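Please read it with the sequence and the coordinates open beside it.

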Amino acid sequence: MPSVKSSWPVRFSGQCLRRFCTEIALPQPKNEDSPLRIPENHEDIERAPNFPPTFNFASYINKSPTLQQLLNLGVDLYSIERRKGLPQFVLKLDFERDMKHIIQFLHDQGIPPDHLGRFITKNPLIFKEHSDDLAVRINYLESKMFTKEQIARIVDKNPFWLMFSTQRIDKRLGFFQKSFSLSGQEVRELTCTAPRLITYSMEHVRRSTFSIREEMGFEAAEVKEILLKVPKIWMMNHDSLMERFEYVHRSMAISHDQLRQDPHILLSRLYRIRQRHEFLKFLGKAQYDPKKDLYVSLKNLVVGTDEEFVLNIARSSIPTYHSFLKTL
């Protein structure tokens, strides 16, 4: 198999190179609706509809050592029950034969014991993977000069990362580097800050990039700065993102330069932005220019509880705020 080309620095040891070059990419499922396919939009799982499971682990727990071990690890079996096909997959596994070595591998990469249950809950399909393939994917990150601490964070924060072959990961990292003119260090920084973004739907990422550049009107350098500061913006729903931008930019008269410096406001729900801005406006305190008196930063506008905002930022009272909200 030809080696994977990349435009950013690579340092392979001899052993690492041999293992990397012998990796066999997993075939992609032909049936896109298969319950055991690798998800790209992880929020599809995290936002699974809350309906009663059609399969129940309860009748199996007392006679299944595997389920008992999973419970001991803190795995949420109810969450797995709600995902089509996964209960049957889990029940076929033997803890000693199919799971123990994978769990030990994850722990060896730096995932804390109390995080293993959450990891398995989100991605029980990790037990489909061969341990040699998982080792190759870790070796790849090492070859890209990620530290052990960074690798531990990537795998821990994105339980689906190890489901992607090195070829797929390399292409995605190359996409971000080329699209946003990132240095090797910036690629590593982005990956550690938002490992879920790297394995997210590339169609969604491209759409978000187009919206931020073309629809919002940010320059390339500004887009890069926003990406490195708040990469989560690229995983947001398009309509929600545009609604927030339009309100902040048009109604609040916040410039592109201000948003470039403090883009976190775009992560806040529109109703919170509107309620707090309108309240400050009502008080005569909606002042977002740092060069003027009574300056309110965009971050302070949206962080904290309503009580903290009213008392510390608006310098008003909760009854006054609640009475004002009734007028909106």
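1. Overall composition. The model under review is a predicted one, and its protein chain holds 21 helices and zero strands. Of the 328 residues in this chain, 47% count as buried. As for the reach of the contacts along the sequence, 73% of those between residues at least 6 apart join residues that are at least 24 apart.

2. Helices H9 and H10. Two packed helices are described by the angle between their axes and the distance between the axes. Helix H9, which covers residues 131–143, packs against helix H10, covering residues 148–157, at an angle of about 130°, and their axes are 10 Å apart. The crossing in which H9 passes H10 is right-handed. On the H9 side the contact is made by Ile-138, Leu-141 and Glu-142, and on the H10 side by Lys-148, Ile-151 and Val-155. Sorted by class, the contact of H9 with H10 has four nonpolar and two charged residues, and no polar ones.

3. The loop between H9 and H10. Met-145 lies in the loop between these two helices, and its phi is near 70°, a positive value in a residue other than glycine. Such a value deserves a second look, given that most residues other than glycine have a negative phi. With a relative accessible area of 26%, Met-145 falls between the limits of 20% and 50% and is therefore partly exposed.

4. Helices H11 and H12. Helix H11 (residues 166–180) and helix H12 (residues 184–193) have axes that come within 10 Å and cross at roughly 120°. H11 passes H12 in a crossing that is right-handed. Leu-173, Phe-176 and Gln-177 of H11 meet Gly-184, Val-187, Leu-190 and Thr-191 of H12. By class, four nonpolar and three polar residues take part in the contact of H11 with H12, and no charged residues do.

5. Helices H10 and H12. The helix H10 discussed in point 2 also packs with H12, and the axes of H10 and H12 come within 8 Å and cross at roughly 45°. This makes H10 oblique to H12. The residues that meet are Gln-150, Arg-153 and Ile-154 in H10 and Thr-191, Cys-192 and Thr-193 in H12. Two nonpolar, three polar and one charged residues make up the contact of H10 with H12. Thr-191 is named in the contact of H12 with H10, and Thr-191 is also named in the contact of H12 with H11.

6. Thr-66. Which backbone atoms does the side chain of Thr-66 reach? Its side chain reaches the backbone oxygen of Leu-93 at 3.2 Å and the backbone nitrogen of Phe-95 at 3.1 Å. Thr-66 has its place in helix H4, residues 65–73, and because its relative accessible area is 7%, under the limit of 20%, this residue counts as buried. Not counting residues up to four places away in sequence, Thr-66 touches Leu-93, Asp-94, Phe-95 and Met-99.

7. Arg-244. Leaving aside neighbours within four places in sequence, Arg-244 is in contact with Met-236, Leu-266, Leu-267, Ser-268, Arg-269 and Leu-270. The C-alpha atoms of Arg-244 and Tyr-271 are separated by 9.2 Å, and these residues are 27 residues apart along the chain.

8. Ala-253 is placed in the loop between H16 and helix H17 (256–261), and its phi, near 60°, is a positive value in a residue other than glycine. At a relative accessibility of 58%, which is over the 50% limit, Ala-253 counts as exposed.

Key
Residues numbered from 1 in each chain as written. Predicted model: local features only at pLDDT ≥ 70, side-chain atom pairs only at ≥ 80, totals over all residues. Heavy atoms only, no water. Helix = DSSP H or I, 4+ residues; strand = E, 2+ residues; numbered from the N terminus. Buried < 20%, exposed > 50% of the residue type's maximum accessible area, 1.4 Å probe, protein only. Polar contact = N/O pair within 3.5 Å; in protein donor to acceptor, adjacent residues only side chain to side chain. Contact = heavy atoms within 4.5 Å. Axes fitted to C-alpha atoms, helices over the stretch in contact; angles between N-to-C directions. Left-handed = near helix turned anticlockwise from the far one by under 90°. Nonpolar A, V, L, I, M, F, W, Y, C, P; charged D, E, K, R; others polar. Parallel < 35°, antiparallel > 145°, perpendicular 65-115°, else oblique.
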